[in-house]
Amino acid sequence: MTATTHPVPSPLSARRRWTVLAVCCLSMFLVGLDTTIVNVGLPAIGHGVRVGTRGLEWIVDAYTLVLASCLISAGALADRFGRRRVFQCGLALFGTASLLCALAPSAGLLITARAVQGIGASMLSPVALAIVVNAMTDPKERAQAIGIWASVFGLSMAAGPVTGGALLHWLDWRALFWVNTPVIAATLLLSAVFVPESRAPRNRRLDLPGQVLLTVVLTAVVGMLIEGPRIGWTSPVALAGCAGAAAATAVFVRVESRRAEPLMDLRLFKRPAFSGAVVGAVAVFVALNMTLLLNTLYLQHTRQWTPLAAGLAALPLAVGATVCAPLSGRMVGSTGPRLPLLLGGAFIAAGALCLVGLTPHTSVLLLLAAYLLIGIGFGFANAPITNTAVNGLPPARAGVAGAITSTARQLGAALGIALAGGLVTAVTPAGLAHASRPGWALVAACGGLLLLLARTARPKESLPSPASPQARQPA
């Protein structure tokens, strides 16, 4: 089958390029916000649809698992049918699923609607990044744009608990999904006016076997983490599930390594910088999502705080991420990823170590200080991970690299929720603080992993000029 090629579009004006970035960042904010806004509302959702901790884990992870599984295929669809077209379809699907979530009468229907939401979100994240990379033809300008992109995503993830707490205070848990409607409507309108249509110079084929296998692998791994504590890790079902996950992973690697156009280009992992960025993305989002879930359950169950108070307690985390993410983007552009990664790992580890001795009566000041430190670490860590993944690649491959790192982020989010939930499932409110201590130790370990990755990062990533062969190299 001969691949279809498309002409290279004319360069956009500076104002148009930055407007395109703003529209794409708006969609990215929506995806990130929806990943974490639900966390603070989990107790209220559980009461509303009569479901326990494991059911709540599935409500969160149904979204992140489907999102992680479909990201790369969504990028291939955008290459073939047009990025703006797929982007707008994703917005419409995401909005429709949000309405279904708000109207869901039971946990089963809510989980199903969250999965559909994940499909819509998968058409936003990598496609929007590909639109930005296509619009920003100058590598230095592209690095600045990616820094802003990472900043907005970090802000959205950290702002979710605060926004959710406010909505729960004034309305109810269904407002957590209604809130998406005006943002989606505005983004649809702005994308129709300002975002140009674009396609990759060469279409990628859809890899259906790879898509199915990736979905099976992610669902099996996260599903076992969620259900393992309930069924027992040594039970026949658990052992069979672990064996199935390992077998599916082996088959996935074998199938993808033999395909001419695989869903996941495993050759990218031969680049140490890219592999490190993927591992770092998983670690950062494990740390963030464990922090958010453990914080929500501890404050609302153990300390009996309201959702609004619990959301406001996460405000230092949001402030730290918001202030430090743009600074991190500028540092990446001027000195490379090493320093912001070192700072990110150090602050995340320091914040988590403050809480490894958590008790039901831990000082509020210590809690807020820990959340601030973790937020600062998250703000510093996200931009160098994104930039390292796509920097040095031609624009046609940047979308694939961005999709893989986005998949890694969502996998980290799903793992973080599953691991945190496994620690506190069937634990009484009085025992929750003690049960969560291993979780804070794991968050600290994620910070330590970033420190190790920072040591292997080059001090200054080389930026190819627009006229260089590297910048013009096709996928």
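**Entry 1: an aromatic pair in the core**

I started with Phe-378, which is buried at a relative accessible area of 2%. A reminder to myself: this is a predicted model. Next I wanted to know how many aromatic pairs a search of the whole structure finds. The search gave four. One of them joins Phe-285 and Phe-378: the ring centres are 5.5 Å apart and the planes stand at 75 degrees, so I noted the pair as edge-to-face. Phe-285 belongs to helix α12 and Phe-378 to helix α16 (residues 364-390), so this pair ties together parts that are 93 residues apart in sequence. I checked Phe-285 as well, and it counts as buried at 1% relative accessibility.

**Entry 2: another pair on α16**

How do the rings of Phe-347 and Phe-380 pair, stacked or edge-to-face? Their centres lie 6.3 Å apart with the planes at 15 degrees, so I wrote down stacked. Phe-347 sits in helix α15 and Phe-380 in helix α16, so the pair ties together parts 33 residues apart in sequence. I then looked up how accessible each partner is. Phe-380 is buried, with a relative accessible area of 6%, whereas Phe-347 is partly exposed at 25%.

**Entry 3: along helix α15**

I listed its buried residues: Pro-340, Leu-341, Gly-344, Gly-345, Ile-348, Ala-349, Gly-351 and Ala-352. Why are they on the same side of α15? They cover an arc of only 165 degrees around the axis, which puts them there.

**Entry 4: Thr-302**

Back in helix α12 (residues 272-302), I picked Thr-302. Is Thr-302 buried or exposed? Its relative accessible area is 17%, and because the cut-off for buried is under 20%, Thr-302 counts as buried. I followed its side chain to the backbone oxygen of Pro-429, at 2.7 Å. Leaving aside neighbours within four places in sequence, I found Thr-302 in contact with Leu-297, Pro-360, Pro-429, Leu-432 and Ala-433.

**Entry 5: cysteines**

Last, I searched the whole structure for disulfides and came away with zero. Cys-25 is in none: the nearest cysteine sulfur, that of Cys-24, is 7.2 Å away. A disulfide here requires the sulfur atoms within 2.5 Å. I also noted that Cys-25 is buried, with a relative accessible area of 7%.

Methods. Residues are numbered from 1 along each chain as its sequence is written. This is a predicted model: local features need pLDDT of at least 70, side-chain atom pairs count only at pLDDT 80 or more; totals for chains, interfaces and linings use all residues. Side-chain values use heavy atoms; hydrogens and water are left out. Buried means under 20% relative accessible area, exposed over 50%, partly exposed in between (1.4 Å probe, protein chains only). Helices (H or I, at least four residues) and strands (E, at least two) are DSSP runs, numbered from the N terminus. The arc is that of the directions from the helix axis to the C-beta atoms. A polar contact is a pair of N or O atoms within 3.5 Å; within protein, one must be able to donate a hydrogen and the other to accept it, and residues adjacent in sequence count only if both atoms are side-chain atoms. Contact means heavy atoms within 4.5 Å. Rings of Phe, Tyr and Trp (its six-membered ring) pair if their centres lie within 6.5 Å; planes under 30 degrees apart count as stacked, over 60 as edge-to-face and the rest as tilted.
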